[in-house]
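Here is a short tour of a two-chain model, written to be read with the structure open beside you. Take a look at it, and then we can walk through some of its contacts together.

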There are 2 protein chains.
Amino acid sequence: MPETAARRGDRLAGSRYGNRPTMKDVAARAGVGLKTVSRVVNGEPGVTADTERRVQEAIEALGFRRNDSARVLRKGRTASIGLVLEDLADPFYGPLSRAVEEVARAHGALLINGSSAEDPDREQELVLALCARRVDGLVVIPAGDDHRYLEPELRAGVATVFVDRPAGRIDADVVLSDNFGGACDGVAHLIAHGHRRIGFIGDMPRIHTAAERLRGYRTAMADAGIPVADSWTSLGVTDPLRVRRAAEEMLSGTEPVTAIFAGNNRVTVTVVRVLAAHSRPVALVGFDDFELADLLQPGVTVVAQDAAQLGRTAAERLFSQLDGALVTPERVELPTRLITRGSGELPPAD
Amino acid sequence: MPETAARRGDRLAGSRYGNRPTMKDVAARAGVGLKTVSRVVNGEPGVTADTERRVQEAIEALGFRRNDSARVLRKGRTASIGLVLEDLADPFYGPLSRAVEEVARAHGALLINGSSAEDPDREQELVLALCARRVDGLVVIPAGDDHRYLEPELRAGVATVFVDRPAGRIDADVVLSDNFGGACDGVAHLIAHGHRRIGFIGDMPRIHTAAERLRGYRTAMADAGIPVADSWTSLGVTDPLRVRRAAEEMLSGTEPVTAIFAGNNRVTVTVVRVLAAHSRPVALVGFDDFELADLLQPGVTVVAQDAAQLGRTAAERLFSQLDGALVTPERVELPTRLITRGSGELPPAD
DNA sequence: TAGAGCCTGGACAACGTTGTCACGTACGAG
DNA sequence: CTCGTACGTGACAACGTTGTCCAGGCTCTA
């Protein structure tokens, strides 16, 4: 005898009060066939009003809820998409995630999301777990730089869009901000206000956005004919303590910087703290906008990118893929916007 | 002939390159039985090294990925939990969600989350969708005040914990902040600094947290023997425009308030903006901490609650339920902390 | 009133996986 | 040499749903 009733009870010992009712149970209670219940649950035609009522009553009485796992198994689509990002607690990703969710909702899909914590292994683990759950599509903010592990998934038809940073070693849709252009603009803005000794504090250059912003900084400096001293750039620095130390170093010594370009919102916030305690006024432009930037003294000038718009665009491309509307992977780049609030317009305090 | 191969092709026309390999395909390629593949995939014992290697090669070659829908159907557990909150873009919920995710991850579970947008219908829709997907457990920040629709789920053994606000009309675990006590402390702090005309701006009292904070405000005022004028409290106000108007009203007239207690972080931020443009100094204490509160002029005194700790506590209770460790629903209340930074210590400018 | 056509409802297979059981082979003990 | 045992392996049913097909009853028309 395969899998006796007793055994089945054992297997479900974890449940508090036994098993959930199935369509079969509903059918028995309503005195109809299994398929009729299915029809009622799915609003399919071909059921008389009276039968439908009886089925509805049985559903109500038993507290029946369709098992979507079985449904997915049968239908092949899960009506859910996955979002892998770096850290949901980061104020940059909250709105992005929410925007993706809204688009998903409009398409009747749920969103499963996971934080990679900037760890490539964890990213892969998450992505593959999502694929095992057969999400219809993936929105990925990559932590790693090699995504060949996704090839079988892409072949199998999992729609995929990368956001904020491009995919590594595979050809896939990607939605980016104009990190290079934005950084150029921000640094050029400082130069236009008379600064020549400008510091840059950013993340590890292996992260695409960080590398692009650094390139923007270097290009703007080169375009203005300003040689960049080694001591002016500080890379791979994100935790507040090290950012603080890096900023303090740039601000001391024989050739102190008169302005700082901060590579992302977390860096900016820490630099603001350092500058607040600093004697001389130092100009500051940050990449990424943040709440209350306008209320600080002085207001913080930033290169703003629209996180929600990034998410929305990516999600919309995802569903276009699922509708079969897109064939060739594309790279979409969204513009950034320089918002002047005071800190970037301070003159050099030489 | 039921469901011909041709039909099957039709059904999958949406996929880009056809179907995914199954264990059967892997078995055929490796020249072993289906169950042997299952054993390898799940790391079960009873497979020789040589067989295992052949299976692994076939898996690699075909890009096989286990279909968790089928697995769930068979095993009854999904290793995923659902989180329903108000708005992921709100800086209060980001860290909370992340904390829940971390606990889930430690238990090998994925997190599916959805935003209710403070709409009870949408909350129910989300919760039921999650139940249909057979999540093992639910963490809910309720928008509605009647959760009897969850009764069948609870009976069926879906672990459930409510956070931030209690469940309505059902008996369930709940993890809260001490909203009443925190508000009391905050208002008492203002009173201790000499204020008597203190305004309160908060959310709709149908939201539990808002009601509790209002109660705290009233209690603190009553304890100090201060009668509260109607014009000092403004409820159901969250969007910046109306908060602004409410604040401006309190600050004008014959009996203007000399201090404001703000009912949540969004209100606080808007009030800060209003006060920045105001001629007279006005004291402010806000409920909820927020980034950069210390850098404003003056720093903003707040009643801080630990969102991450709320999420962590709730998630841990959830997994305790799943382990069968908990039987009786409980109410856990986490303390709040008054953080003085200047704005709450301003004397009344009478 | 008989036949055609429609409408309703049910039987059955299939989705991809895992639990159970049984078979066969190799090996050690008696 | 034979029996028992242990182990590796595979056949098969079952999870709960949906798609297909067929049967039976009804209505409508000639």
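## Helix 5 of chain A

Helix 5 of chain A (68-75) has A:Asp68, A:Ser69 and A:Val72 as its buried residues, where buried means under 20% relative accessible area, exposed over 50% and partly exposed in between, using a 1.4 Å probe and protein chains only. These residues cover an arc of only 105 degrees around the axis, so they sit on the same side of helix 5 of chain A; the arc is that of the directions from the helix axis to the C-beta atoms. Their cover includes helix 5 (68-75) and helix 7 (120-132) of chain B. Helices (H or I, at least four residues) and strands (E, at least two) are DSSP runs, numbered from the N terminus.

Just past helix 5 of chain A comes A:Gly76, with a positive phi of about 90 degrees.

## How to read the model

This is a predicted model, in which local features need pLDDT of at least 70 and side-chain atom pairs count only at pLDDT 80 or more, while totals for chains, interfaces and linings use all residues. Residues are numbered from 1 along each chain as its sequence is written, chains are lettered from A and ligands numbered from 1 in the order in which they are written, and side-chain values use heavy atoms, leaving out hydrogens and water.

## Where the chains meet

How many residues does each chain bring to the contact? Chain A gives 73 residues and chain B gives 72 residues, with contact meaning heavy atoms within 4.5 Å. Between them, the two chains bury about 6,300 Å², 48% of it on carbon and sulfur atoms; buried area is the accessible area (1.4 Å probe) that two parts lose on being put together, summed over both.

The interface of chain A and chain B holds 14 salt bridges, each defined as a side-chain nitrogen of Lys or Arg within 4 Å of a carboxyl oxygen of Asp or Glu. One of them joins B:Asp87 and A:Arg98 at 2.5 Å, N to O.

## Two bridges across the interface

B:Arg133 and A:Asp68 form a salt bridge at 3.9 Å, N to O. This pair crosses from the loop between helix 7 and strand 3 (137-140) of chain B to helix 5 of chain A, and both B:Arg133 and A:Asp68 are buried.

B:Arg122 and A:Glu102 also meet in a salt bridge, at 2.9 Å, N to O. Here the pair runs from helix 7 of chain B to helix 6 of chain A.

## A buried threonine in chain B

B:Thr78 lies in the loop between helix 5 and strand 1 (80-85) of chain B and is buried, at 7% relative accessible area. A polar atom of the B:Thr78 side chain is 2.8 Å from the backbone oxygen of B:Arg134. Leaving aside residues up to four places away in sequence, the residues that B:Thr78 touches include A:Arg133, B:Val72 and B:Asp136.

Methods
A polar contact is a pair of N or O atoms within 3.5 Å; within protein, one must be able to donate a hydrogen and the other to accept it, and residues adjacent in sequence count only if both atoms are side-chain atoms.
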